[in-house]
Structure formats: C-alpha cells, structure tokens
Amino acid sequence: MKKIFMMLLVFVLSLPICSIGSAFSPQSNTVTPPKNVILMVGDGMGVGQLEVASLFEHGKEGKLFLESLPQVALARTFSNNNSVTDSAAGGTALATGIKTNNGMLGVSPDGTEVDSILDLFKQHGKKVGVISTHMVVDATPAAFTSSVKNRWDGQPEIARQQLKNEVDVILGGGSHFFQPEQQGGVDLIKKYQEKGYTYVRNRSELKKYEGDKLLGLFHPSYMSFKLDRDDLESEEPNLIEMTKKAIEVLSKEDKGFFLMVEGARIDHASHATDLTSIWKETIEFDDTVKYVVNWANRDQETLVVVVADHETMGITLTEKLNVEALKKIGVSTTFIASQLKKKNHSEEYTTKSVRQAFKNFAHIELTDQQIHSFNQDIIRARGKVYSAFQTEWHIGSTISNYYHGGAINLENRTLGNTGGHSANMVPVFAYGKGASIFNGVINNTDIPKNIAHLMGYEMYRE
Ligand SMILES: [Zn+2]
C-alpha cells in the first residue's frame with residue numbers, strides 16, 4: 001500500500017513539474033525563440049566593399065546603416081576542400097551548418113543530402129522564402145532550398161526541388177531554367193501554377209500580388225545591376241521591393257517564417273573590380289537591411305542576421321582612390337562590355353570601339369598600346385575560369401587600375417577556380433530577438449547552428 005502511495009506521489013509530483021516547465025519557460029531566464037528569422041546575405045561583401053560603399057555614399061565619417069546593428073562578429077569562410085570557398089560551399093555552410101567541397105550545394109562532402117535551416121523551419125510549420133538578385137537556382141538561394149552535387153549542371157533540378165519542397169516565396173532572376181527547353185519539354189512554371197503558385201514577371205505584377213504562394217522571376221539570367229536599370233528600361237523590382245512583398249506574404253498567417261534575402265550582385269561587381277557598382281549594389285543591400293530592421297523593430301519577435309558568404313577580390317580602399325571620377329561612371333562594366341565590337345574573324349575587339357567605350361563611359365583616354373594589352377589580356381584569359389565574363393572583368397580592372405583601386409590582380413583572378421574570391425574573414429551583424437548569440441570570431445557554419453539553437457531545432461550532425 002505504502003509502495004503504491006509513493007508511486008502515485010511521484011507520478012502526481014512529476015506531472016505539474018513537466019507542464020510548469022514548458023508552460024512557464026517564456027518567463028524564465030532562457031531566451032524565447034524568435035518567431036521569425038530573416039537572414040540577409042551580401043554575396044562577396046567583405047569589409048573593403050563596406051568601406052568603399054560607405055565612403056562613396058556618406059563620405060569619410062559617414063556610416064552605413066548596418067553599422068548601427070548592436071551585435072557584430074567576424075566569420076571564417078574556408079570550405080571543406082579549399083581555404084577559399086566558392087559561393088556553393090559558402091552558401092551550404094550558411095544554410096546547413098556543414099563545410100562541404102567547392103561546387104557542392106546542400107550536400108556533405110560525401111554527397112549526402114542535408115536539411116537546411118530553411119527546411120527545419122518548414123518542418124516546424126513555418127513559412128519560408130528566398131530572394132536573390134542572382135538566379136534563384138544559383139548558389140546561395142539553392143543551398144537553402146535544394147541539394148545537388150554539382151552547382152553547374154544542377155540548375156534545372158534545383159528549380160524542380162524548389163517546387164517539390166514548396167518554398168512559399170521565391171523571387172529573383174533565372175527564368176531560363178524553368179522553361180521547357182531546360183526541363184525536358186515540361187513547362188515548370190505551369191507546374192508551379194498547378195500547385196497553387198502565382199507567377200509574376202515584373203515590378204507592377206509583384207506589387208499587385210496578394211496571395212500566399214509566390215514565384216517571381218524577373219530576368220532570364222541575373223537581375224540587372226542597379227547602375228544599368230534605367231539604361232535598360234528595366235521593369236525589374238529592386239531588392240527592397242522584393243523583400244517588402246516577401247515579408248508581407250510570409251507574415252500574413254502569423255505562423256512565423258524564415259526568409260533569406262541575397263544581395264548577390266555585390267559579388268559580381270567585385271569580381272569585375274567595378275567599384276562604382278560595388279557602391280551602388282552595397283547601398284541597395286544596406287537600404288534593404290534598414291527596411292528589414294525597422295520592420296523587425298515594430299514586430300519585436302524577429303531575429304535579423306546580416307552576413308556574407310565570402311569576400312571577393314580583396315577589395316581595398318586605397319589612399320589614392322579617385323572617388324569622384326568613379327562616381328561619375330553611370331553604367332556597369334557588363335554594360336560597357338556590351339558596347340564593344342569584335343574585329344572580323346577575330347577574337348579581338350576593334351580599337352575604335354574599345355577607345356570609345358572607355359572614353360564615353362569611364363572618361364578614360366586609352367593609348368593604342370593600352371588597347372592592344374587590353375585585347376591580349378582577354379585572349380590570354382579565355383578558356384580559363386569564368387571565360388564568359390573576362391571582357392567585363394578586364395574592363396573593370398582597367399578602370400580600377402586607372403583610378404587607383406585596390407584588388408587582387410588579373411593573374412591571380414585567372415589562376416584560381418573561384419575567379420578571385422579571398423579567404424578574408426567576413427563581417428556578421430545581428431539585431432533583434434536572440435541577436436546576442438552572434439559575437440566574436442565564428443565559423444560560417446555557426447550561423448545556421450546558432451539560429452537552430454535559438455529555435456530549439458535539431459540540425460544535422462556530422
Ligand atoms: Zn558568393
């Protein structure tokens with residue numbers, strides 16, 4: 001009898017302890033999980049890019065908005081097989097907490113599929129979305145929404161996985177990979193629509209949208225550089241407009257959400273040493289951070305983390321940098337490259353078109369000898385890493401050298417497999433609920449691990 005009484009007593013005592021433990025934990029000293037997490041990735045955005053953008057926009061003593069965020073850390077970005085990461089392994093580290101090999105997306109080095117932090121939010125009943133000014137099937141957004149062993153031939157598959165995984169909001173470039181020609185005759189956009197998605201193609205369609213499953217593809221390839229949008233009469237939304245709509249859609253149901261926002265073209269501008277575009281792209285990203293933090297400030301239940309996947313080209317603010325001359329350039333080096341004309345039956349550009357392009361857009365008078373070297377440098381770089389971009393990259397390097405910019409030199413950019421990424425540590429900024437966990441020198445893999453820890457989610461362990 002006494003034994004039964006003791007067992008009952010233990011049972012009764014244990015009941016309220018368990019329920020009190022969970023019911024009252026929000027009032028205890030432990031941090032309650034944020035309801036929403038917005039992870040913002042400035043692709044290739046190191047401290048040099050921030051310094052250039054800040055000086056160009058706000059002057060020597062001015063500051064970017066993101067500098068006002070209360071928590072700051074530095075992240076190391078090496079990948080599993082290289083001290084310098086590419087965007088695939090860098091994105092995978094930020095998405096899954098695993099260091100994989102360059103070129104791999106959402107898989108461990110042995111090819112095992114790994115759930116991302118976005119998948120964990122989805123599994124816990126939250127809404128999820130990705131935004132990129134790159135193609136939505138490329139490295140950073142893909143690392144959060146898919147798993148493929150090779151980023152270069154996996155893009156059509158990534159587009160299918162994003163549908164299968166029912167990512168609620170997908171916004172960016174890359175419509176090319178959703179077309180029947182890339183999808184074995186299947187119209188993938190139609191498949192999205194059949195599953196309840198609305199497909200939007202430009203700024204005004206995006207603005208009008210009011211549903212809860214959104215696919216927005218605004219360019220066949222990358223979205224246009226900010227500098228070029230007017231010249232191209234672009235109808236693409238900017239990063240703030242996409243972010244605003246994504247938050248509106250994801251926050252509608254009050255379940256909480258995870259959103260990844262990528263300012264991707266900071267990296268592309270950096271590869272080209274296009275300091276003017278680095279300025280414009282970084283400021284657009286910083287303005288978006290400001291919008292997001294103000295939203296989180298009103299919401300009071302959101303964590304905002306701002307990171308980079310790696311640094312690109314060792315961009316440095318040099319003593320003799322001619323800021324005024326660079327600020328007068330009105331288009332990207334991609335645009336300038338589109339204005340060059342090739343000689344008949346030759347890989348060389350005509351002296352006239354090179355001379356005129358540099359004069360008109362960059363206000364530089366090149367000598368015949370300089371134009372000859374420009375052509376020879378591009379021909380030498382053909383067949384090497386990122387062959388298709390060599391013209392715009394050489395235009396950027398020529399302009400940057402002329403105006404005393406600091407960056408990795410032509411030869412080093414051509415030798416590596418990443419086209420000029422560096423292993424420099426990248427800055428991390430955090431604001432909002434749970435932000436204090438982000439401090440000190442951390443690994444890129446700690447970012448999703450910290451978020452999972454705050455949420456009480458279990459991440460894949462190696
Ligand atoms: Zn990158």
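Author: **A buried valine, and what lies beyond**

Valine 137 is buried, because its relative accessibility is 1%; buried means under 20% relative accessible area, exposed over 50%, and partly exposed in between (1.4 Å probe, protein chains only). This is a predicted model: local features need pLDDT of at least 70, side-chain atom pairs count only at pLDDT 80 or more, and totals for chains, interfaces and linings use all residues. Residues are numbered from 1 along each chain as its sequence is written, and side-chain values use heavy atoms, with hydrogens and water left out.

Start with the place of this residue. Valine 137 sits in the loop between strand 3 (127-135) and helix 5 (139-145). Helices (H or I, at least four residues) and strands (E, at least two) are DSSP runs, numbered from the N terminus.

Now its neighbours. Leaving out residues up to four places away in sequence, valine 137 touches Ala142, Gln155, Ile158, Ala159, Gln162, Phe177 and Phe178. Contact here means heavy atoms within 4.5 Å. Glutamine 161 is 24 residues from valine 137 along the chain, and their C-alpha atoms are separated by 9.8 Å.

Residues up to four places away aside, threonine 100 touches Ser79, Asn80, Asn81, Ala89, Thr92, Val107, Ser108 and Pro109.

Next comes the metal. Asp43 (OD), Ser87 (OG), Asp309 (OD) and His310 (NE2) are the protein donors of the zinc ion, lying 1.9 to 2.2 Å from it. Donors are N, O and S atoms within 2.8 Å of the metal (3.2 Å for Na, K and Ca); water is not among the atoms, so sites may look incomplete. The arrangement is irregular, because the four donor atoms subtend angles of 97 to 137 degrees around the zinc ion. Four donors count as tetrahedral if all angles lie between 85 and 135 degrees; four count as square planar and six as octahedral if opposite donors are over 155 degrees apart and all others between 65 and 115; anything else is irregular.

Along the chain, the donors follow the spacing D-x43-S-x221-D-H. Distant parts of the chain are linked here: aspartate 43 is in the loop between strand 1 (36-42) and helix 2 (47-58), and histidine 310 is in the loop between strand 8 (302-307) and strand 9 (311-312), 267 residues apart. Aspartate 43 is buried at 3% relative accessibility. Histidine 310 is buried too, with a relative accessible area of 0%.

Two backbone points follow. Methionine 313 is not a glycine, yet its phi is positive, at about 75 degrees. It lies in the loop between strand 9 and helix 12 (323-327). Methionine 313 is buried, at 0% relative accessible area. Histidine 363, also not a glycine, has a positive phi of about 60 degrees. Its loop runs between helix 14 (351-362) and helix 15 (368-381). Histidine 363 is partly exposed, at 42%.

Charged pairs come next. The structure holds 23 salt bridges. A salt bridge is a side-chain nitrogen of Lys or Arg within 4 Å of a carboxyl oxygen of Asp or Glu. One of them joins lysine 122 and aspartate 168, with the closest N and O atoms 3.6 Å apart. Lysine 122 is in helix 4 and aspartate 168 in the loop between helix 6 (155-164) and strand 4 (169-173), so the pair ties together parts 46 residues apart in sequence. Lysine 122 is partly exposed at 28%, while aspartate 168 is buried at 4%. A network of salt bridges links Lys122, Lys127, Glu166, Asp168, Lys195, Lys213, Glu253 and Lys255.

Glutamate 248 and lysine 245 meet in a salt bridge (3.2 Å, N to O). They lie in helix 9 (residues 239-250), three residues apart, about one turn of the helix.

Last, the domains. The domain assignment gives domain 1 (36-316 + 420-455) and domain 2 (323-405), with bounds that come from an automatic or database assignment. Their centres, taken over C-alpha atoms, are 30 Å apart. In domain 1, 18 residues are in contact with 18 residues of domain 2. The two domains bury about 1500 Å² between them, 63% of it on carbon and sulfur atoms. Buried area is the accessible area (1.4 Å probe) that two parts lose on being put together, summed over both. Salt bridges between domain 1 and domain 2 number zero.
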